[in-house]
Amino acid sequence: MSRNKNELADGTNIADLVKLDTREVQMRTLEDRELYALEQERLFGKTWLMLGHESEIPNANDFVLRYMGDDSVIVTRTKDGEVHVSLNVCPHRGMKICTTEAGNSPVHTCIYHGWAFRSNGDFLGSPIEKECMHGKMMGKEELGLRKARVTLYGGLIFATWNLEGESFDDFLGDAKWYYDLMFCRSDAGMEVAGPPQRFIVRANWKTAGEQSAADGFHTLMLHRWLGEVGNYKKEGEGSDLAEEMYGAEVSSPHGHALRCIDLARKIRRLTGKEPSELSVEEKLRILPPPGMTAETVDQLKNNLTEDQMEVLAWMPPQVGGMFPNIIFAFIYIPQPDGTVIGSMALHTYVPKGPDKLEFMNWVLVEKDTPPELKEKMVKQTLQLLGTSGMVEQDDSDTWPHMTMSAKGPQGSKSTMKYQAIYETSKPKGWPGPGIVNEGFTKDDTQWHWWLYWLELMTAEK
């Protein structure tokens, strides 16, 4: 008798790993090899995945290698300016075609038997053409590399193997209104400050993925030094970060999440005035969105609505994530002279097995930022959020311990709990859409992340 598609080898149903009534997730989800294999098919094979930024491949035939789950892909720009994503597997005998992390080439040739492919993945030919070593059973148009569906959003490159699935805009849903505040706000747009940083963490990708869903609470303990040392020290206020945990949080049925943090305290400190005394434009010039300057704030009017600008000046999204494995940080870094500069970073957590992930970090800058300020932003972002950044040293220490806990016979049966629930609604006058709650950070955003994970893992198709 065949087994139910959602039944694991030991008879456990995937749905039973998530307790909907008590909002618990079994630790087994962080280590199980069978679940990991199913995730590759049902999650990384179906959702939109971020692979990089188009400024990494500015010229025709530029390419970078990236991963969609366990699958290596070639991300390239063709001579017509289009971005293509192709499976990095030769359809002849399965050899990895491209073994160079980045470069420029109009043709990718397999070193095993010499099959050659155009930069867009189309089959070009095989050696000794008169012998037709690619055979006559299939036409050349059938022998190209498998191609993913691609979209660009704010310069970010997303791809999916689900060619007939939902659009990228539908995937983002109401959360797009908020992501536009960060990625689609300026005239010139953003670029990356060099190739992404990378390092390996001996942990399941979901330990980082679920934290990316706007887990604010861990900051109080794991990152408490943010209120104690250097420019972050809260002089005369103690080191308690609890005040920073108030704001609004946006949840999404697709597992996306954002933490919107009130700027009132920062504006008072910089101006000595109440935010209510200032216009939206005045507040934005006093405290420009991270990555922007007072001189470029006027560009916001060209790209955002008045409601979006109001949120940017009031309680903008500063940290959060896109399902399944992206975290962003658009934060304000205090300076010794009392001013503030912006910092922008984007991480992905690429699965490399049930107990290993690759951390990738991109530092983003606005293209028209003055060079000296851009250099300062990049340096401070790397110190805080880079592969050796102070925040990442904290986070990447916890994830391996969680993964190890999930390996034990008793630990695997333990549960992660998401039982701190919002009992509020949107802030008064909040103009943005979606599931929004105000107050002290809670577990709702991470719980929605797990609900979407469960939906994909148990879907009929």
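Trainee: What makes the contact of E31 and K407 a salt bridge?

Mentor: In this predicted model, the side chains of E31 and K407 come to 3.6 Å, N to O. The cut-off is within 4 Å, so the pair counts as a salt bridge. E31 sits in the loop between β2 (24-26) and α1 (33-42), and K407 in helix α11 (residues 390-407), so the pair links parts of the chain 376 residues apart.

Trainee: Why is E31 called partly exposed?

Mentor: E31 has 22% relative accessibility. Buried means under 20% and exposed over 50%, so a value in between is called partly exposed. K407, at 36%, is also partly exposed.

Trainee: What makes R77 and E54 a salt bridge?

Mentor: Their closest N and O atoms are 3.2 Å apart, and the limit is within 4 Å, so the pair qualifies. R77 lies in strand β5 (residues 71-77) and E54 in the loop between β3 (49-53) and β4 (62-68), so the bridge ties together parts 23 residues apart in sequence.

Trainee: How do you know whether R77 is buried or exposed?

Mentor: R77 has 11% relative accessibility. That is under 20%, therefore R77 is buried. E54, at 26%, is partly exposed.

Trainee: How many salt bridges does the structure hold?

Mentor: It holds 19. E31, R202, D355 and K407 are linked in a network of salt bridges.

How values were computed. Residues are numbered from 1 along each chain as its sequence is written. This is a predicted model: local features need pLDDT of at least 70, side-chain atom pairs count only at pLDDT 80 or more; totals for chains, interfaces and linings use all residues. Side-chain values use heavy atoms; hydrogens and water are left out. Helices (H or I, at least four residues) and strands (E, at least two) are DSSP runs, numbered from the N terminus. Buried means under 20% relative accessible area, exposed over 50%, partly exposed in between (1.4 Å probe, protein chains only).
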